[in-house]
Amino acid sequence: MRGLNAALASNDGARFHELLDQLLRTRQSSIQADVVRISAHLHEALSRFRMDSRIAALAGKDMPDARQRLDHVVSLTEKAAHQTLDLIDRSVPLADATARRAAELAKDPAADVAALTAFLAEARGNCEAVRANLTEVMLAQGFQDITGQIIRGVHKLIGEVETVLDDLMNVHGIPREVVENTIIGRIKLEGPAVPGVSKNAVTAQSDIDDLMAGLGL
Amino acid sequence: MSTGLRFLVVDDFSTMRRIVKNFLNDLGYNNVQEADDGNTALPILKTGGIDFLITDWNMPGMPGLDLLKAVRGDPALAKLPVLLLTAEAKREQIVEAAQAGVNGYVVKPFTAQTLKEKIEKILSTRTAAA
């Protein structure tokens with residue numbers, strides 16, 4: 001400002017305009033920086049809002065839905081397994097009876113044509129019943145189509161949860177390794193070993209037998 | 001083969017209890033009771049009369065390892081043969097179960113042959129020790 005006054009007092013028009021331009025440029029860049037800062041804050045606030053909305057949707061609706069869907073998977077698989085076991089329970093006595101009667105007849109020197117004919121009719125009936133049960137067993141496996149679709153849906157949701165968690169960690173500057181480190185070293189019940197996921201898992205019974213033998217069992 | 005042995009099968013999934021029970025029946029063991037976790041199994045065991053315990057590990061309520069420890073900690077049950085039939089398959093877990101006094105460890109999914117072998121191995125060891 002002093003420079004401007006001096007240029008004005010000395011009637012130096014060129015110097016006055018040069019200094020005025022400088023002042024305007026400084027003011028302009030300061031305003032630009034403010035605009036950039038405000039828009040960055042606005043962007044962050046919008047991101048947080050979007051993330052908050054996603055978290056609210058996940059926690060309030062999607063996750064309870066997913067748990068319900070997985071309960072349904074458990075229920076469907078349980079039902080199919082029992083249905084299959086029921087059909088086996090109905091088939092085993094038929095197979096046993098046929099085998100037993102065949103063995104009796106083979107050892108019976110008095111077995112006549114009538115007895116054999118009766119056995120053949122009985123064996124045919126039993127085989128047809130077992131065949132029908134096997135068809136039912138086959139149809140009971142249809143649960144896999146339904147459960148597969150439900151599990152794929154839940155899988156997709158878990159991917160979304162992972163993305164939200166990643167975004168949340170980025171906002172708070174939490175590196176992934178820190179979270180992973182808190183889990184390492186703990187013995188916990190993992191359930192069935194999953195290829196490519198479970199660490200330090202023994203999948204073959206022979207490996208377990210070796211391990212147990214090494215422990216004196 | 002002694003078929004008068006009384007088994008207790010503990011698993012939270014009714015299908016698995018049914019599979020093991022049916023299989024034991026096939027092997028000639030017709031006296032099989034069921035429980036869905038350690039909490040329901042222990043009173044049955046304490047009542048007496050069970051000769052062989054087959055238990056899952058991962059169950060809500062009392063898990064199989066806690067049940068095993070409770071069995072080994074009870075003088076009346078301490079020598080009961082216990083077979084873990086579980087999907088848990090980490091080395092540390094197998095070692096932990098062995099240290100807790102398990103007699104056999106079968107990982108799910110299992111074959112009929114494996115289960116038969118383990119049961120017979122445990123029973124033959126007990127007979128030899130008796």
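Some ground rules first. Residues are numbered from 1 along each chain as its sequence is written, chains are lettered from A and ligands numbered from 1 in the order in which they are written. Because the model is predicted, local features need pLDDT of at least 70 and side-chain atom pairs count only at pLDDT 80 or more, while totals for chains, interfaces and linings use all residues; side-chain values use heavy atoms, with hydrogens and water left out.

Let me start with the interface. Arg18(B), Lys90(B) and Arg91(B) supply 24% of what chain B buries against chain A, more than any other three residues.

Across this interface there are nine residue pairs in polar contact, both residues at pLDDT 80 or more. A polar contact is a pair of N or O atoms within 3.5 Å; within protein, one must be able to donate a hydrogen and the other to accept it, and residues adjacent in sequence count only if both atoms are side-chain atoms. Helices (H or I, at least four residues) and strands (E, at least two) are DSSP runs, numbered from the N terminus.

Now the arginine. Arg18(B) sits in helix H1 of chain B. Is Arg18(B) buried or exposed? Its relative accessible area is 16%, so Arg18(B) is buried; the cut-offs are under 20% for buried, over 50% for exposed and partly exposed in between, with a 1.4 Å probe and protein chains only. Leaving aside neighbours within four places in sequence, Arg18(B) is in contact with His82(A), Leu85(A), Asp86(A) and Asp89(A). The polar contact between the side chains of Arg18(B) and His82(A) is 3.0 Å.

Next, salt bridges. A salt bridge is a side-chain nitrogen of Lys or Arg within 4 Å of a carboxyl oxygen of Asp or Glu. Arg18(B) forms one with Asp89(A) at 2.9 Å, N to O. Another links Arg18(B) to Asp86(A), with the closest N and O atoms 2.6 Å apart. Asp86(A) lies in helix H2 of chain A and Arg18(B) in helix H1 of chain B, so this pair joins two chains. Asp86(A) is partly exposed at 35%.

Within chain B, Glu120(B) and Lys116(B) meet in a salt bridge of 3.4 Å, N to O. Both lie in helix H5 of chain B, four residues apart, about one turn of the helix. An α-helix has 3.6 residues a turn, so residues three or four places apart point the same way.

Last, a helix of chain A. The buried residues of H3(A) include Phe119(A), Ala123(A) and Val130(A). Their cover includes helix H2 (13-107) and helix H4 (143-172) of chain A.

Notes: Buried area = accessible area lost by both parts, 1.4 Å probe. Contact = heavy atoms within 4.5 Å.
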